[in-house]
Amino acid sequence: TILSEPKANCVACLTEVRRKDGTLTKEGHIAFVEEVLSDGSVKISEVNWPNDGIYSERTISKADWQNKYKARFVEFV
């Protein structure tokens with residue numbers, strides 16, 4: 001199911017992602033949503049961001065996932 005709002009344990013599809021040189025990627029980026037916080041920000045886990053082959057975790061604000069990354073979410077049911 002495609003969601004416009006995040007849920008824990010779904011996949012975040014970040015459709016507008018900029019490389020370090022400022023150019024937009026054509027392929028976008030995906031991450032796993034670990035938790036949705038009360039302010040709408042999401043804690044995610046991911047690989048290949050910011051460095052190739054490296055696992056990382058970060059929190060993305062609601063404003064950023066909505067406006068900067070144009071995120072959509074996929075829930076597997």
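This is a short tour of a predicted model, one selection at a time.

**Stop 1: the sheet**

If you're wondering what holds a sheet together, strands pair through backbone hydrogen bonds, either parallel or antiparallel.

**Stop 2: a strand pair up close**

Next, select residues 11–14 and 72–74. These are strands β2 and β6, which run antiparallel and are joined by three bridges. Pick out C13 and you'll see R72 of β6 standing opposite.

**Stop 3: the nonpolar core**

Time to go inside. Select L14, V33, V42, I44, I60, W65 and F73: in the largest nonpolar core, which has 14 residues, these touch the most other members. Strands β2, β3 (29–36) and β4 each supply at least two residues of this core.

Click on L14 and see who is around. Setting aside neighbours within four places in sequence, L14 is in contact with G28, H29, R58, I60, Y69 and A71.

**Stop 4: two rings**

Keep W65 and F73 on screen and show their side chains. How are the planes of these two rings placed, and how far apart are their centres? The structure holds one aromatic pair, and here it is: the ring centres of W65 and F73 are 5.1 Å apart and the planes are at 85 degrees, which is over 60, so the pair counts as edge-to-face. Both residues are buried.

**Stop 5: E46**

Now move to strand β4 (residues 42–47) and select E46. Is E46 buried or exposed? Its relative accessibility is 4%, and the cut-off for buried is under 20%, so E46 counts as buried.

Show the side chain of R58 as well: a polar contact of 2.5 Å joins it to the side chain of E46. Beyond the neighbours within four places in sequence, E46 is in contact with H29, I30, A31, I54, Y55, S56 and R58.

**Stop 6: the helix**

Finish with helix α1 (residues 62–68), where you'll find A63. With a relative accessible area of 43%, A63 is partly exposed.

Terms used
Residues are numbered from 1 along each chain as its sequence is written. This is a predicted model: local features need pLDDT of at least 70, side-chain atom pairs count only at pLDDT 80 or more; totals for chains, interfaces and linings use all residues. Side-chain values use heavy atoms; hydrogens and water are left out. Helices (H or I, at least four residues) and strands (E, at least two) are DSSP runs, numbered from the N terminus. Buried means under 20% relative accessible area, exposed over 50%, partly exposed in between (1.4 Å probe, protein chains only). A polar contact is a pair of N or O atoms within 3.5 Å; within protein, one must be able to donate a hydrogen and the other to accept it, and residues adjacent in sequence count only if both atoms are side-chain atoms. Contact means heavy atoms within 4.5 Å. Two strands pair if DSSP finds at least two bridges between them. A nonpolar core is a set of buried Ala, Val, Leu, Ile, Met, Phe, Trp, Tyr and Cys residues joined through side-chain atoms within 4.5 Å. Rings of Phe, Tyr and Trp (its six-membered ring) pair if their centres lie within 6.5 Å; planes under 30 degrees apart count as stacked, over 60 as edge-to-face and the rest as tilted.
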